[in-house]
Amino acid sequence: VQLQASGGGLVQPGGSLTLSCEVSPRTFSAMGWFRQAPGKEREFVAAISWSGATVQYADSVKGRFTASRDNAKNTVYLQMNSLKPEDTAIYYCASSKLFGVVLPILYEHWGQGTLVTVSS
């Protein structure tokens with residue numbers, strides 16, 4: 001399984017970005033988004049079930065971020081609104097046979113990451 005994340009960039013505080021993660025081949029796995037800021041451990045951001053019907057968020061992004069997926073396009077998305085400087089990190093997508101898990105070790109496959117910088 002290969003995961004290709006994209007969509008990162010520089011955005012001002014309060015701005016928005018949408019990250020994409022293309023998965024090949026098609027997977028029925030749950031998908032997760034994680035992020036890692038400089039000097040910090042990788043942390044859970046969101047998880048979405050294989051159908052997309054169920055999504056779980058970290059408290060730090062709840063109400064601002066929205067995860068979704070389009071299985072016809074083998075792509076998972078992370079819509080990020082009201083971005084804050086503390087959201088600055090490399091964002092990773094990952095796949096897991098389990099839904100709702102927040103530990104990185106429980107995700108089998110990882111994308112290469114895409115950098116999000118929130119700064120004025």
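In which loop is Asn74 found? Asn74 sits in the loop between strand 7 and strand 8, where helices (H or I, at least four residues) and strands (E, at least two) are DSSP runs, numbered from the N terminus. This is a predicted model, in which local features need pLDDT of at least 70, side-chain atom pairs count only at pLDDT 80 or more, and totals for chains, interfaces and linings use all residues. Residues are numbered from 1 along each chain as its sequence is written, and side-chain values use heavy atoms, with hydrogens and water left out.

The backbone at Asn74 has a positive phi of about 55 degrees, although Asn74 is not a glycine. Most residues other than glycine have a negative phi, and most peptide bonds are trans. Asn74 is partly exposed, at 22% relative accessibility; buried means under 20% relative accessible area, exposed over 50%, and partly exposed in between (1.4 Å probe, protein chains only). Ser82 also has a positive phi, near 50 degrees, and is found in the loop between strand 8 and strand 9. Ser82 is partly exposed, with a relative accessible area of 40%. A cis peptide bond joins Ser24 and Pro25, with omega about -10 degrees. Pro25 lies in the loop between strand 3 and strand 4.

Ser29 is found in the loop between strand 3 and strand 4. Ser29 is buried, at a relative accessible area of 16%. Apart from neighbours within four places in sequence, Ser29 is in contact (heavy atoms within 4.5 Å) with Trp50, Arg69, Ser95 and Ser96.

Four strands form an open sheet in the order 1-3-8-7, with antiparallel pairing; two strands pair if DSSP finds at least two bridges between them. Strand 1 (2-6) and strand 7 stand at the edges with a single partner strand each, so one side of each has no neighbour in the sheet. From one strand to the next the twist averages 15 degrees, taken between axes that are lines fitted to C-alpha atoms, for helices over the stretch in contact, with angles running from 0 to 180 degrees between N-to-C directions. Strand 3 (residues 17-24) and strand 8 run antiparallel and are joined by six bridges. Leu17 stands opposite Met80 in strand 8.

The structure holds four salt bridges, a salt bridge being a side-chain nitrogen of Lys or Arg within 4 Å of a carboxyl oxygen of Asp or Glu. Which residues are linked in a network of salt bridges? They are Arg35, Glu43, Arg64 and Asp87. Glu43 and Arg35 meet at 2.6 Å, N to O. Glu43 is partly exposed, with a relative accessible area of 35%, whereas Arg35 is buried at 5%. Asp87 and Arg35 meet at 2.8 Å, N to O. This pair links distant parts of the chain, with Asp87 in the loop between strand 8 (75-80) and strand 9 (89-96) and Arg35 in strand 4 (residues 30-36), 52 residues apart. Arg64 forms a salt bridge with Asp87, and their closest N and O atoms are 2.7 Å apart. Here Arg64, in the loop between strand 6 (55-57) and strand 7 (65-70), lies 23 residues from Asp87 in the chain. Both Arg64 and Asp87 are buried.

Cys93 lies in strand 9 and counts as buried at 1% relative accessibility. Not counting residues up to four places away in sequence, Cys93 touches several residues, among them Leu3, Cys21, Trp33 and Trp110.
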